[in-house]
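This report describes selected features of one protein model. Look at the sequence and the structure below, then read on.

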Amino acid sequence: MIQRKVFFWSIVTALGGFLFGFDTAVISGAEKAIQQLWGLSAFEHGFTISIALIGTVLGAMFGGIPSDRLGRRQTLRWIAVLYLVSAVGAALAPSWVPFLLFRFLGGLGVGASSVTAPLYISEISPASSRGKLVGLFQFNIVFGILAAYLSNYLLANVGDISWRLMLGVQAVPSVAFLVFLYQVPESPRWLLLHGRLAEGREVLSIISPETVDNDVAAILTSQAQSADQSESLWARQYRTPVLLAIAFAFFNQVSGINAIIYYAPRIFEMTGLGQGAALLSSAGIGLVNFIFTLLGVNVIDRFGRRKLMLVGSLGLIATLGLVARAFYTQQFNGYLVPVLLFVYIGFFAFSQGAVIWVFISEIFPNAVRAKGQALGSSTHWVMATVIAFTFPYFAERLGGGHTFAFFCAMMVLQLLFVLRLMPETKGSSLEQVENTLVMH
């Protein structure tokens with residue numbers, strides 16, 4: 001049974017994921033009104049949509065620094081402030097340039113929360129339920145995306161200020177996030193690594209009273225071993241977790257997930273569906289993503305990370321292969337491609353979607369975990385940006401067949417990666433995982 005307080009702390013921290021999802025998706029309802037209001041050219045419009053993504057990449061790259069220096073909890077509070085300022089500022093922006101600035105700040109919050117929130121939850125979770133608790137972060141991202149779509153739909157017909165309300169409503173969960181964070185303690189591992197032994201021990205005694213002495217001893221032993229080693233993430237002994245994090249984040253995006261989520265209506269129209277049916281189908285993708293993420297998060301501690309990835313890889317290879325075949329043969333048979341992509345989303349959400357933030361938060365030792373999380377997260381976001389920018393070009397130049405065949409081939413490589421290189425971290429403490437993966 002997960003200790004009630006630990007579950008509450010995890011839920012509060014995972015609110016950062018809800019805001020991450022909401023902030024990413026909410027712009028979809030406001031972008032046309034913004035383009036018309038300020039008379040933006042195609043380039044300016046594209047820059048307006050992607051400015052938050054640029055902030056996200058930078059937030060992910062540098063999010064590990066405040067996590068190490070200020071602590072996980074203090075960094076999460078600053079992230080909540082960024083979300084709040086971004087929501088209110090973007091909603092009230094008098095002109096284009098201030099709007100860009102506030103959307104950029106929101107992007108920084110998204111990037112930093114993708115580093116700090118999974119990191120914090122992994123450090124407060126008992127080994128037996130860590131997958132489920134860190135998985136709450138991914139679940140909340142998907143829930144935030146769904147909430148943004150619903151909120152946009154409800155506010156669509158309010159009038160000229162619709163788009164301002166769509167962006168401004170994010171202030172409500174941002175304030176809740178900030179207030180609840182004052183009920184959350186600092187990470188016990190961060191406290192112990194910074195010499196605050198009594199405080200660290202006190203938090204660990206709430207998390208797992210039976211094993212507190214063993215946990216403190218294991219963390220301090222890990223710290224002593226790390227003290228003899230370089231604090232640089234690129235030191236030789238960290239080679240295995242670094243390669244695992246980069247490969248995992250890389251495969252997450254070359255599955256084509258963001259291309260399909262961002263461009264679902266366009267893909268469906270390529271298969272001959274009308275615009276209304278295409279929009280309806282893309283709303284269905286959000287719902288399928290939500291349901292299968294919930295399923296994956298609930299079974300990740302029972303079946304383990306590798307099993308979910310094996311099942312997901314096989315499902316992704318099959319669905320992407322069939323979509324590529326449909327484009328090559330031009331046999332779309334009504335709803336064939338949307339149905340295949342729904343199944344694809346289900347397999348993705350159950351595997352990569354549920355596993356990525358859990359796995360990356362587990363594989364680095366205490367001394368460099370924040371830097372490692374930042375590396376995995378920034379790799380993910382750089383690849384997301386590359387795929388989102390290049391997909392329309394390649395889909396137009398190469399056609400749907402070649403594009404989806406490329407994603408399918410990448411998933412074959414992912415399957416080999418899981419079979420040959422991916423370790424199982426289920427049920428092991430963070431210090432046990434460290435002993436397995438780091439050369440001491």
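Which residue forms a salt bridge with Arg201, and how far apart are the closest N and O atoms? The partner is Asp213, and the closest N and O atoms are 2.3 Å apart. A salt bridge here is a side-chain nitrogen of Lys or Arg within 4 Å of a carboxyl oxygen of Asp or Glu. Side chains of opposite charge can pair when their charged atoms come close.

The model is predicted: local features need pLDDT of at least 70, side-chain atom pairs count only at pLDDT 80 or more, and totals for chains, interfaces and linings use all residues. Residues are numbered from 1 along each chain as its sequence is written, and side-chain values use heavy atoms, with hydrogens and water left out.

**Salt bridges**

By the salt-bridge rule, the count comes to 10.

| Pair | Closest N and O atoms |
|---|---|
| Arg201 and Asp213 | 2.3 Å |
| Glu362 and Arg305 | 2.5 Å |
| Glu431 and Arg189 | 2.9 Å |

Glu431 forms its salt bridge with Arg189. This pair links distant parts of the chain, with Glu431 in helix H18 (residues 430-437) and Arg189 in helix H9 (residues 188-193), 242 residues apart. Helices are DSSP runs (H or I, at least four residues), numbered from the N terminus. Both Glu431 and Arg189 are buried. Buried means under 20% relative accessible area, exposed means over 50%, and partly exposed lies in between (1.4 Å probe, protein chains only).

In the pair from the opening question, Arg201 forms a salt bridge with Asp213. Arg201 lies in helix H10 (residues 197-207) and Asp213 in helix H11 (residues 212-227), so the pair ties together parts that are 12 residues apart in sequence. Arg201 is partly exposed, at 36% relative accessible area, and Asp213 is partly exposed at 48%.

The remaining pair in the table is Glu362 with Arg305. Glu362 is buried at 0% relative accessibility, and Arg305 is buried with a relative accessible area of 0%. Elsewhere, salt bridges that share partners join Asp68, Arg72, Glu123 and Arg369 into one network.

**A buried asparagine**

Asn152 is placed in helix H6 (residues 130-155). Its relative accessibility is 6%, so Asn152 counts as buried. A polar atom of the Asn152 side chain lies 3.2 Å from the backbone oxygen of Val26. Apart from neighbours within four places in sequence, Asn152 is in contact (heavy atoms within 4.5 Å) with Ala25, Val26, Ser28, Gly29 and Met166.

**One face of a helix**

Which residues of helix H8 (residues 171-180) are buried? They are Ala171, Pro173, Ser174, Phe177 and Leu178. Seen down the axis of H8, its buried residues fall within an arc of 165°, so they line one face of the helix. The arc is that of the directions from the helix axis to the C-beta atoms. These buried residues pack against helix H1 (4-37), helix H4 (72-92) and helix H7 (162-168).

How values were computed
Helix = DSSP H or I, 4+ residues; strand = E, 2+ residues; numbered from the N terminus. Polar contact = N/O pair within 3.5 Å; in protein donor to acceptor, adjacent residues only side chain to side chain.
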